[in-house]
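Please look at the sequence and the structure below before reading on. The text then goes through a pair of helices and a sheet.

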Amino acid sequence: MTQSTQPLIQPTQLDLKKLNQRFENAHPKDILAWSVENIPTGLVQTSAFNVDDILITDLFYRELKPAQPVPVLFLDTLYHFPQTLELVAKAKALYNLNLQIYKMPEIDSREAFAAKYGEALWDTDIAKFHQITKIEPLQRGLAELGAIAWITGRRRDQANTRADMPIFELDTQERLKINPIANWTRKETWAYVFEHDVIYNPLHDQGYPSIGDEPITTPIAEGEDERAGRWRGMGKTECGIHI
């Protein structure tokens, strides 16, 4: 169902340079509070239920508690780890999430996916795999939810490709893209999680700092980039959602 959006601001009218200067050293809670105040409708959190995503959800649902709960958009690729799906269900119950699950149309199992696209499409055409399972469902979800702004759990220290990421930016559809923990470190994320007893995926304790689809996510070795376990050996650093 498409939401009615009557934003107080239009993303293209914002002075992003000034906004980024203002919030460069701000706490994520303050960035999210500004987002809720200025975008009371049309604000969506996208979440893969990694620890950084859960942190943001906790700030929204436990700390800020906006009158209109922010929708949490989750992409069901059919290839998530069981632990991820269990966490999604646990978080939905704990926070009473406005959870919006999007997936590819007319395919509801790994067997059906393989029958249509062949075994291990991620090995033969990783770009097509991500287009089908992530990029198209995301864009459809943002459109149907009436999003004029969406929130990600990206941090600058996650990968070299994210080192210069701003807190506020426009996406290719001229929506406002908000990265509230861009200026945080992995250490700060986990400090918040432990201080507030935030739930998280147990795979994070088993060498998976960044968790994606099961067939293409591996643990990392000591000293590796925390996203090194994503698409190992494929020469990729992003799935395409943030490009």
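The crossing of H3 and H8 is left-handed, a term used if the near helix is turned anticlockwise from the far one by less than a right angle. This is a predicted model, in which local features need pLDDT of at least 70, side-chain atom pairs count only at pLDDT 80 or more, and totals for chains, interfaces and linings use all residues. Residues are numbered from 1 along each chain as its sequence is written, and side-chain values use heavy atoms, with hydrogens and water left out.

Helices (H or I, at least four residues) and strands (E, at least two) are DSSP runs, numbered from the N terminus. The axes of H3 (residues 51–64) and H8 (residues 186–196) come within 10 Å and cross at roughly 50°; axes are lines fitted to C-alpha atoms, for helices over the stretch in contact, and angles run from 0 to 180 degrees between N-to-C directions. In H3, the residues Val51, Asp52, Leu55, Asp58, Leu59, Arg62 and Glu63 meet Thr189, Trp190, Tyr192, Val193 and His196 of H8, where contact means heavy atoms within 4.5 Å.

The open sheet has 6 strands in the order E3-E2-E1-E4-E6-E5, with mixed pairing; two strands pair if DSSP finds at least two bridges between them. Strands E3 (99–102) and E5 (168–170) each have a single partner strand and stand at the edges, so one side of each lacks a neighbour in the sheet. From one strand to the next, the twist averages 30°.

Strands E4 (residues 149–151) and E6 (residues 176–178) run parallel and are joined by 3 bridges. Opposite tryptophan 150 stands lysine 177 in E6. H3 packs on this sheet, touching E1 (43–46), E2 (72–75) and E4, and its direction makes about 145° with that of E1.
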